[in-house]
Amino acid sequence: MNSPEDMIIIRDLFKSFGAVEAVNGVNLNVGRGKVMVIIGPSGSGKSTLLRCINHLEIETSGEIWIDGEKLTRDQQQLNRIRADVGMVFQHFNLYPHLTVLENITLAQQIVRGRAKIEAIEIAEQQLSRVGILGKRDSFPTQLSGGQQQRVAIARALAMKPKIMLFDEPTSALDPEMIKEVLDVMLDLVKDGITMVVVTHEMGFARRAAHEVVFMDHGKIVEKANPETFFTNPQNERSQLFLSQIL
Ligand code: ADP
Ligand code: MG
């Protein structure tokens with residue numbers, strides 16, 4: 001069932017790389033303001049699914065709708081969708097030769113067409129939101145991993161996206177820095193941003209997710225609310241996966 005409440009609708013999505021069916025028939029709806037956590041073993045298609053949602057990958061077949069609009073291959077639409085769908089990666093992907101502030105103002109000016117002064121104002125707002133306004137003139141290499149990831153989050157938020165996608169945002173971080181990034185993400189949940197999060201942080205999933213999806217071999221094999229998923233997983237493969245990581 002589709003409803004105007006759905007921010008993301010994915011229908012019969014397939015994406016293959018040669019003989020590899022990375023995403024193998026996924027159907028999924030994410031409600032406006034909801035948080036969907038995707039878990040599953042390495043190679044199960046989680047990243048490919050996320051990358052299809054903001055068209056970093058073009059699906060082999062199937063449909064994706066973002067806020068009521070079906071994705072096509074139209075270049076103008078693509079640019080708009082990429083601005084509306086922010087993505088945060090495991091490796092922060094900041095520009096090393098730009099300061100923190102420049103990292104956050106660049107796309108705003110190019111993609112959103114904002115004047116520099118407005119872009120700076122928004123960048124500063126987002127830097128305070130993630131708690132590192134004091135680092136605005138630093139370069140990425142002068143920051144800890146946790147700080148760099150918070151810059152990456154601020155950069156995505158500065159575009160005022162409708163959706164935030166997170167692909168294992170804490171997997172490359174030292175343990176003591178994981179919490180500062182998860183805390184920022186929990187704040188976003190409170191603000192009601194629609195989020196799709198691939199993570200192995202089960203504490204975050206329990207606290208933040210409205211729904212948890214378990215993927216294996218390119219398919220969704222279980223979808224449940226976190227309470228049910230963590231206390232009473234129905235699928236054999238989800239049970240095995242949870243027994244290995246919890
Ligand atoms: P996950 O994020 O769950 O670890 P991925 O979506 O990265 O899984 O990968 C799913 C499958 O697709 C894997 O078999 C992977 O090797 C393959 N794959 C992903 N991206 C590419 C690519 N660009 N070229 C070829 N194969 C790919
Ligand atoms: Mg991945």
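**Figure 1. An open sheet of four strands in the predicted model**. The strands follow the order E2-E1-E4-E5, and their pairing is antiparallel. Strand E2 (20-31) and strand E5 (69-70) form the edges, each pairing on one side only.

**Figure 2. Pairing of strands E1 and E2, with helix H1 on the sheet**. Strand E1 (residues 6-17) runs antiparallel to E2, and nine bridges join the two. Within this pair, Ile-9 is placed opposite Asn-29 of E2. Helix H1 (residues 46-53) packs on the sheet, where it touches E1, E2 and strand E4 (61-66). The direction of H1 makes about 60° with that of E2.

**Figure 3. Crossing of helices H3 and H4**. The axes of helix H3 (residues 100-110) and helix H4 (residues 116-129) come within 9 Å and cross at roughly 130°. The crossing of the two helices is right-handed.

**Figure 4. Residues at the contact of H3 with H4**. H3 contributes Leu-101, Ile-104, Thr-105, Gln-108 and Gln-109. From H4, the residues that meet them are Lys-116, Ala-119, Ile-120, Ile-122, Ala-123, Gln-126 and Leu-127. Classified by type, the contact comprises seven nonpolar, four polar and one charged residues.

**Figure 5. The region annotated in UniProt at residues 8-242**. An unreviewed UniProt entry places the feature "domain: ABC transporter" over this stretch. Over residues 8-242 the chain is 40% helix and 26% strand. The end C-alpha atoms of the stretch are 27 Å apart.

Terms used:
Residues are numbered from 1 along each chain as its sequence is written. Chains are lettered from A and ligands numbered from 1 in the order in which they are written. This is a predicted model: local features need pLDDT of at least 70, side-chain atom pairs count only at pLDDT 80 or more; totals for chains, interfaces and linings use all residues. Two strands pair if DSSP finds at least two bridges between them. Two residues are in contact if their C-beta atoms, placed from the backbone, lie within 7 Å. Axes are lines fitted to C-alpha atoms, for helices over the stretch in contact, and angles run from 0 to 180 degrees between N-to-C directions. UniProt positions are given in the numbering used here, feature names are shortened, and annotations may be inferred rather than shown by experiment. A crossing is left-handed if the near helix is turned anticlockwise from the far one by less than a right angle, and right-handed if clockwise. Ala, Val, Leu, Ile, Met, Phe, Trp, Tyr, Cys and Pro count as nonpolar, Asp, Glu, Lys and Arg as charged, and the others, Gly among them, as polar.
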